[in-house]
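Here is a friendly note to read alongside the model. Please keep the viewer open as you go through the points.

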Amino acid sequence: MKKIVLAAALLLTSVATFAQREVGSLTIQPKAGFNIANVTKAGGDAKFGLVAGAEAEYQLGDIYSISAGLIYSNQGSKKEVDLGQLGKGTASWSPSYLNIPVVANVYVVKNLAVKLGLQPGFCVDKDGAELHTFDLSIPVGLSYEYKNFVLDGRYNFGVTNLAKDVTSKNSVFQFTLGYKFDI
């Protein structure tokens with residue numbers, strides 16, 4: 001994980017100017033898609049889940065912007081998972097989260113952005129398990145924009161443990177399609 005974060009940081013600092021929008025502009029982007037989610041160190045299989053929400057993006061400079069959003073994300077694991085003291089999950093263990101991604105975007109070429117940030121999340125449906133309510137992850141990804149349509153792919157590295165005395169974390173690949181509106 002350290003190598004990926006370091007590579008992303010180096011890429012973010014070594015790019016040419018590829019202005020996307022005017023400095024100071026603000027956009028909003030409704031988006032929907034799917035997750036391929038799993039739980040680390042629990043022995044389950046990856047499962048598909050729904051992801052939907054919206055993000056706002058503020059253009060800080062010619063190639064830099066920051067975005068923040070509110071995203072519903074169905075996560076968890078498929079098949080039986082072992083969560084230690086919490087017991088074993090069911091055949092389709094699907095906790096749901098409201099995530100708040102705060103992401104730095106760097107446009108490395110026209111319409112292509114590299115993304116890195118922090119994502120606090122709040123478990124809103126624990127699907128029968130005694131999970132922590134708060135979840136923190138590090139989103140790393142790419143997005144491509146074509147005529148205001150945005151295809152976004154991210155991997156969310158889980159940072160916090162899912163529950164007390166459990167070392168399992170969320171591990172989520174996320175793919176969305178959105179549409180940007182100028183505000």
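The numbered points below cover the model itself, strand pairing, cores, aromatic pairs and backbone angles.

1. Before you start: this is a predicted model, in which local features need pLDDT of at least 70 and side-chain atom pairs count only at pLDDT 80 or more, while totals for chains, interfaces and linings use all residues. Residues are numbered from 1 along each chain as its sequence is written, and side-chain values use heavy atoms, with hydrogens and water left out.

2. Let me begin with the strands. Helices (H or I, at least four residues) and strands (E, at least two) are DSSP runs, numbered from the N terminus, and two strands pair if DSSP finds at least two bridges between them. β1 and β2 run antiparallel and are joined by twelve bridges. One place to look is Ile 36, whose bridge partner in β2 is Phe 48.

3. β2 also pairs with β3 (residues 64–74), again in the antiparallel sense, over nine bridges. Here Ala 54 has Leu 70 in β3 as its bridge partner. Four residues lie between β2 and β3, and the two strands form a hairpin.

4. Which residues make up the largest nonpolar core? It has eight: Val 39, Ala 42, Trp 93, Tyr 97, Cys 123, Ala 129, Leu 131 and Leu 162. A nonpolar core here is a set of buried Ala, Val, Leu, Ile, Met, Phe, Trp, Tyr and Cys residues joined through side-chain atoms within 4.5 Å; buried means under 20% relative accessible area, exposed over 50%, and partly exposed in between (1.4 Å probe, protein chains only). Apart from this core lies another, of five residues, including Ile 138, Val 140, Tyr 155 and Phe 157. As background, nonpolar side chains in soluble globular proteins tend to be buried together.

5. Cys 123, a member of the largest core, is worth a click. Leaving aside neighbours within four places in sequence, Cys 123 is in contact (heavy atoms within 4.5 Å) with Pro 95, Ser 96, Tyr 97, Leu 131, His 132 and Thr 133.

6. How many aromatic pairs does a search of the whole structure find? The search finds seven, where rings of Phe, Tyr and Trp (its six-membered ring) pair if their centres lie within 6.5 Å, and planes under 30 degrees apart count as stacked, over 60 as edge-to-face and the rest as tilted. Phe 34 and Phe 175 form a tilted pair, at 5.4 Å centre to centre with 35° between the planes. This pair links distant parts of the chain, with Phe 34 in β1 and Phe 175 in β11 (residues 170–179), 141 residues apart. Phe 34 is partly exposed at 35% relative accessibility, and Phe 175 is partly exposed at 33%. Together with Phe 48, Phe 34 and Phe 175 form one aromatic cluster.

7. Another pair to inspect is Tyr 155 with Phe 173: the ring centres are 4.6 Å apart and the planes are at 50°, so the pair is tilted. Tyr 155 in β10 and Phe 173 in β11 are 18 residues apart. Tyr 155 is buried, at 18% relative accessible area, whereas Phe 173 is partly exposed at 40%.

8. Finally, two backbone angles. Lys 41, in the loop between β1 (26–39) and β2 (47–59), has a positive phi near 55° although it is not glycine; Lys 41 is exposed, at 67%. Asn 148, also not glycine, has a positive phi near 75°. Asn 148 is found in the loop between β9 (134–146) and β10 (149–158), and is partly exposed at 25%.
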